[in-house]
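Open the model in your viewer and keep the selection tool ready. Each stop below says what to pick and what is there.

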Amino acid sequence: MKYVSTRGKAPALNFEEVLLTGLASDGGLYVPEFLPHFTPEEIASWAGLSYPELAVKVMYPFVEDSLSIEEFSAIVNDAYSEFAHSAVAPLKQISANEWVMELFHGPTLAFKDYALQLLGRLVDHFLEKRGQKVAILGATSGDTGSAAIEGCRHSKHVDIFILHPHGRVSEVQRRQMTTITGDNVHNLAVEGNFDDCQRMVKASFGDQAFLDGRPLVAVNSINWARIMAQIVYYFHAGLSVGAPHRSVAFSVPTGNFGDIFAGYLARNMGLPVSQLVIATNRNDVLHRFMSNNQYNLQPLQHTLSPSMDIVVSSNFERLLFDLHGRNGSLLAELMEKMNKEDVAIEEYRWRHARELFDSYAVDDESTLASIDQIYAETEEIVDPHTAIGVKAARACRRDKKAPMVILATAHAAKFPEAVAKAGVEEEPKLPAHMADLFEREERFTVLPNDLQAIQRFVQDQLKK
Ligand SMILES: *Cc1c(COP(=O)(O)O)cnc(C)c1O
């Protein structure tokens with residue numbers, strides 16, 4: 001399987017190459033040239049498989065040029081062996097025909113583990129074969145950093161540098177990153193905000209001279225392997241609630257459009273999906289687009305669901321590519337325009353998207369009310385992102401007969417302040433494998449908000 005850029009000009013790559021790059025050289029994102037398609041009979045035959053077994057079935061067509069099925073199965077089994085629940089992604093019913101899929105049983109308690117545990121091992125596998133070392137550089141405002149570090153900590157071939165805004169991430173989130181120690185793990189606390197961190201990471205990808213030839217790999221959701229790994233749990237949920245014999249709806253707390261894009265791909269691969277609900281907070285660029293075909297950027301707002309606090313939703317480009325007949329030059333033009341002005345797409349293309357997607361934006365006040373309501377109904381404590389997913393699912397539901405699955409993207413214990421603010425008296429407890437988080441030793445380096453200082457630090461560490 002080859003991968004092509006959404007902007008049509010970069011060379012096509014195979015899976016190994018696409019895993020080890022960031023953005024395509026033409027500024028686009030890589031997508032598979034075509035999707036594998038599974039028949040209803042094939043999907044039905046997967047009922048009862050374990051999560052890793054199902055993962056191999058769903059993902060192998062994407063990687064078959066680069067890995068034998070034995071190699072891939074071993075990597076997948078290893079990736080999901082450290083999850084704290086034997087179902088890996090269990091479903092819990094919260095009301096009539098309504099479920100949450102718990103995607104917080106990985107090592108760092110957010111759904112990002114499902115992709116990054118796999119990605120870290122895949123990267124390590126190919127680098128071992130090549131006898132090569134790389135550097136990973138990323139910025140985080142919360143969940144990505146710890147999940148990326150956990151995924152790569154054991155790799156002898158990777159030095160990972162994660163920038164976070166000093167004093168501006170929650171204590172649980174900071175501790176999850178800074179208590180992971182290892183000679184190849186580098187936590188940089190930058191005296192600036194998240195945008196400063198992200199800007200310096202972008203600048204470093206743009207000019208890599210400071211790395212003395214060491215390649216740089218991206219771990220944010222522009223990396224195709226992350227999207228690929230997320231397709232699996234849509235099939236897993238679907239099979240659990242009756243697919244392929246009946247259609248399933250999903251509601252997904254969304255920021256960069258990575259997680260929900262994986263649901264869209266699952267549908268195009270044969271899973272009967274009747275509806276995808278985009279659930280956002282006040283950073284609602286996607287909701288405004290789905291409501292009235294207007295794409296315009298607005299300033300960042302800080303909310304109680306910080307992992308969805310974004311201005312530009314980067315993976316949306318991958319959907320726009322499909323909506324424009326996979327025409328790279330048409331899309332390059334559109335993306336150029338979107339950076340400068342408010343944009344609408346042609347009516348028939350927008351209507352096509354609306355056949356599948358609905359959207360809903362939830363402010364902080366309603367987020368808290370949703371946490372409180374779900375607790376009152378079920379005694380389940382949900383995190384603020386999941387609470388937005390439930391609220392949006394209930395507001396947008398088209399068909400009461402189709403089971404609705406809400407993706408629970410983080411464990412509530414990551415956001416205890418929001419839970420308390422919602423008036424839930426019970427405190428969300430960290431699971432056993434994290435229970436001593438507040439006793440563990442932290443390690444991070446505080447650096448000024450200055451590109452040269454960051455790059456000099458990276459350079460020095462790589463020489464060691
Ligand atoms: C990253 C994250 C999201 C948003 O996921 P996208 O793939 O960017 O849409 C939602 N909830 C939580 C808890 C997250 O960590």
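Select K112 first. Leaving out residues up to four places away in sequence, K112 touches D143, T144, A147 and R226; contact means heavy atoms within 4.5 Å. K112 is in helix 5 (residues 112-130). Helices (H or I, at least four residues) and strands (E, at least two) are DSSP runs, numbered from the N terminus. K112 is buried, at a relative accessible area of 11%. Buried means under 20% relative accessible area, exposed over 50%, partly exposed in between (1.4 Å probe, protein chains only). UniProt, in an unreviewed entry, lists K112 for "modified residue: N6-(pyridoxal phosphate)lysine"; such annotations may be inferred rather than shown by experiment.

This is a predicted model: local features need pLDDT of at least 70, side-chain atom pairs count only at pLDDT 80 or more, and totals for chains, interfaces and linings use all residues. Residues are numbered from 1 along each chain as its sequence is written, and side-chain values use heavy atoms, with hydrogens and water left out.

R130 forms a salt bridge with E16, with the closest N and O atoms 2.7 Å apart. A salt bridge is a side-chain nitrogen of Lys or Arg within 4 Å of a carboxyl oxygen of Asp or Glu. The pair links distant parts of the chain, since E16 sits in helix 1 (residues 15-19), 114 residues apart from R130. R130 is partly exposed at 39%, whereas E16 is buried at 14%.

Now pick R121 and D78. Their side chains meet in a salt bridge (2.7 Å, N to O). D78 is in helix 4 (residues 69-80) and R121 in helix 5, 43 residues apart. R121 is buried, with a relative accessible area of 15%; D78 is partly exposed at 39%.

**A strand pair**

Go to E102 and K92, a salt bridge of 3.2 Å, N to O. E102 lies in strand 4 (residues 98-102) and K92 in strand 3 (residues 91-95), so the pair ties together parts 10 residues apart in sequence. Then select E171, R174, R175 and E442: salt bridges that share partners join them into one network. The whole structure holds 23 salt bridges.

**Helix 14**

Which residues of helix 14 (residues 347-354) are buried? They are R349, W350 and A353.
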